[in-house]
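Biologist: I am new to this structure and would like to know what stands behind the words used for it. Could we take the terms one by one and set each against its definition?

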Amino acid sequence: MLLKLVLWFLLVCEFALAVSERCHPEDKKVLLQFKKELKNPYFLASWNPNFDCCTWYCVYCDKTKGNRITQLFLRNSVPDTNLSGPIPPSVGDLPFLEQLTLHKFPKLIGPIQPSIAKLTNLTHLEITYTNISGALPDFLAQLKNLNLIKLSFNNLSGPIPASLSQLPNLASLQLDRNKLTGPIPASFGSFKKPGPDLILSHNHLSGPIPASLGNLDPQRIDFSRNKLQGHASMLFASNKRTQTVDLSRNKLSFDMSHLMFPKKSLIWLDLNHNNIYGNIPVSLTEVESLQHFNVSYNNRLNGEIPQGGRLQEFDIYSYFHTKLCGSPLPPCKK
Ligand SMILES: *[C@@H]1O[C@H](CO)[C@@H](O)[C@H](O)[C@H]1NC(C)=O
Ligand SMILES: *[C@@H]1O[C@H](CO)[C@@H](O)[C@H](O)[C@H]1NC(C)=O
Ligand SMILES: *[C@@H]1O[C@H](CO)[C@@H](O)[C@H](O)[C@H]1NC(C)=O
Ligand SMILES: *[C@@H]1O[C@H](CO)[C@@H](O)[C@H](O)[C@H]1NC(C)=O
Ligand SMILES: *[C@@H]1O[C@H](CO)[C@@H](O)[C@H](O)[C@H]1NC(C)=O
């Protein structure tokens with residue numbers, strides 16, 4: 001009798017689960033395929049077909065969209081080498097996906113999966129600390145809803161596609177710490193204003209910074225540790241709202257004497273290890289909230305450090321290996 005009752009109870013439970021399952025059957029099928037393509041990694045152990053996929057680890061279903069899967073968020077805090085191989089092609093079969101994150105999987109390899117081209121609802125593409133390689137695909141420019149492209153700390157190579165400037169909603173482009181080569185595309189000047197944050201540091205980018213970037217007014221620019229040459233003056237103007245500019249460790253060579261800076265917004269300016277010359281402009285003393293400033297290792301920078309503003313609050317290491325003089329460096333020889 002008791003046994004019968006238990007059996008009956010189990011049956012009811014299973015039935016209740018079946019009717020209460022929110023997960024869309026198509027999405028569930030795709031996720032199980034995704035897991036299989038990754039060879040059932042330990043990380044996805046909770047993806048059990050007997051349970052509602054809306055309750056699985058790293059998966060988010062959107063109630064307002066008929067519980068379709070809108071976010072896939074595979075993110076580990078320590079490098080997880082259990083998960084290996086290419087990005088599963090099945091990821092392209094989650095048509096409602098808006099956010100895709102893959103973080104800290106050093107054995108994730110291969111190209112940016114071509115089937116991602118089908119995910120036209122994608123707003124966030126974040127693949128970081130993996131070993132995906134190859135070129136940045138042109139199809140990214142077709143994913144018109146993209147707001148964030150973050151592909152930092154991978155093994156990507158080749159040029160930055162000029163077509164990315166066609167993305168009307170891009171707020172942040174983070175391609176730092178890869179092996180990208182070639183120039184910063186001149187087309188980037190035609191990003192819809194104010195233009196996305198441009199984080200392109202630790203690559204092998206070369207050539208001049210395009211003059212067209214003067215049209216933009218991004219909050220953050222980080223081009224450090226590349227091989228960029230020539231001017232950077234187009235990035236600065238007193239009415240811009242840019243907050244941080246890091247151009248350190250490039251081959252930039254221009255006269256700094258007459259630059260004007262975003263007075264109200266600039267908080268971080270790093271120009272160390274370049275070939276910048278002339279004087280430090282007095283206009284820098286008017287930058288109200290400058291918190292970090294570094295012009296060290298620009299051997300041709302000379303003259304007196306303007307006195308005032310925040311410029312004396314930085315230590316000598318912000319100014320060493322130059323021909324500058326005056327506080328905080330020793331006084332100029334008269
Ligand atoms: C890798 O898998 C093993 C079990 O196979 C597990 O104990 C370990 O925690 C996993 N590593 C990570 C980083 O998840
Ligand atoms: C994108 O979202 C809309 C509505 O939210 C949906 O109709 C469409 O099928 C989704 N997927 C693609 C690939 O367009
Ligand atoms: C890529 O693989 C190499 C060699 O296995 C490893 O040393 C490196 O840490 C990996 N990169 C990332 C970002 O995990
Ligand atoms: C990184 O990419 C290069 C080609 O650019 C390739 O030869 C190398 O094997 C890749 N490294 C890893 C760990 O996948
Ligand atoms: C400025 O950059 C140089 C070179 O990288 C570094 O040694 C120094 O510590 C930096 N100074 C500050 C204040 O960050």
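Modeller: Let us begin with the core: a nonpolar core is a set of buried Ala, Val, Leu, Ile, Met, Phe, Trp, Tyr and Cys residues joined through C-beta atoms within 7 Å. Please keep in mind that this is a predicted model.

Biologist: What makes L122, L146, I149, L173, L175 and L200 stand out in the largest nonpolar core?

Modeller: The largest nonpolar core has 77 residues, and these six touch the most other members. Among the elements that each supply at least two residues of this core are α2 (25–37), β2 (68–75), β6 (124–130) and β12 (197–199). As a general point, nonpolar side chains in soluble globular proteins tend to be buried together.

Biologist: How do you know which residues L173 is in contact with, leaving aside its neighbours within four places in sequence?

Modeller: Two residues are in contact if their C-beta atoms lie within 7 Å, and by that rule L173 is in contact with I149, L164, P196, D197, L198 and I199. For the protein chain, residues 24 or more positions apart account for 50% of the contacts with a separation of 6 or more.

Biologist: Why are β9 and β11 called paired strands?

Modeller: Two strands pair if DSSP finds at least two bridges between them; two bridges join β9 (residues 155–158) to β11 (residues 179–182), so the pair meets the definition. These strands run parallel, and G158 stands opposite L180 in β11.

Biologist: What makes β7 (133–134) and β17 (251–252) edge strands?

Modeller: In the open sheet of six strands, the order is β7-β9-β11-β13-β15-β17, with parallel pairing, and β7 and β17 each pair on one side only. The secondary structure of the whole protein chain comes to two helices and 21 strands.

Biologist: How does the radius of gyration of the protein chain stand against that of a compact globule?

Modeller: A compact globule of 334 residues would have a radius of gyration near 20 Å, but the protein chain has 26 Å. Along its principal axes, the C-alpha trace spans about 105 × 40 × 35 Å, and buried residues make up 35% of the chain.

Biologist: How do the shells around ligand 3 and ligand 4 divide by class?

Modeller: Around ligand 3 are P106, Y129, N131 and F153, and this shell divides into three nonpolar, one polar and no charged residues. Around ligand 4 are I109, N131, S133, N155 and S157, with one nonpolar, four polar and no charged residues.

Terms used:
Residues are numbered from 1 along each chain as its sequence is written. Chains are lettered from A and ligands numbered from 1 in the order in which they are written. This is a predicted model: local features need pLDDT of at least 70, side-chain atom pairs count only at pLDDT 80 or more; totals for chains, interfaces and linings use all residues. A residue is near a molecule or strand if its C-beta atom, placed from the backbone, lies within 6 Å of it. Ala, Val, Leu, Ile, Met, Phe, Trp, Tyr, Cys and Pro count as nonpolar, Asp, Glu, Lys and Arg as charged, and the others, Gly among them, as polar. Helices (H or I, at least four residues) and strands (E, at least two) are DSSP runs, numbered from the N terminus. A residue is buried if 20 or more other C-beta atoms lie within 10 Å of its own, exposed if 12 or fewer, and partly exposed in between; C-beta atoms are placed from the backbone. The radius of gyration is taken over C-alpha atoms; the globule rule is 2.2 Å times the number of residues to the power 0.38.
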